[in-house]
Amino acid sequence: SLHDALPIFQKSILLLIAKENTSFPYSDYELHMLLKKQNISISRRTINKYRKIMGIENSYKRKEEYQL
């Protein structure tokens, strides 16, 4: 599947977002901090870049979508 080809950090971003609290979606900074705890060192900026590549909206937009 598509997900098998993703770099580990893209997969990790997807997993975190899949499990996030829909009332409080993670900001890119929060994702950065959570990944750091998993010993995945990736900047907030890079998270922003890959989130956009994967077609994932920012936390504000995700929160709006969850509330629909």
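Okay, quick definition to start: buried means under 20% relative accessible area, exposed over 50%, and partly exposed in between, with a 1.4 Å probe and protein chains only. By that cut-off E20 is buried, at 6% relative accessibility.

Some housekeeping. This is a predicted model, so local features need pLDDT of at least 70 and side-chain atom pairs pLDDT 80 or more, while totals for chains, interfaces and linings use all residues. Residues are numbered from 1 along each chain as its sequence is written, and side-chain values use heavy atoms, leaving out hydrogens and water.

Now, salt bridges, meaning a side-chain nitrogen of Lys or Arg within 4 Å of a carboxyl oxygen of Asp or Glu. We get 2 of them.

E20 pairs with R62, closest N and O atoms 2.8 Å apart. R62 sits in helix α4 (residues 59–66) and E20 in the loop between α1 (8–18) and α2 (28–37), 42 residues apart. Helices, by the way, are DSSP runs of H or I, at least four residues, numbered from the N terminus. R62 is buried too, at 4%.

Then there's R51 with D28, again 2.8 Å, N to O. R51 is in α3 (residues 44–53) and D28 in α2, so this bridge ties together parts 23 residues apart in sequence. Buried or exposed, D28? Buried, at 10% relative accessibility, and R51 is buried at 4%.

Methods. Helix = DSSP H or I, 4+ residues; strand = E, 2+ residues; numbered from the N terminus.
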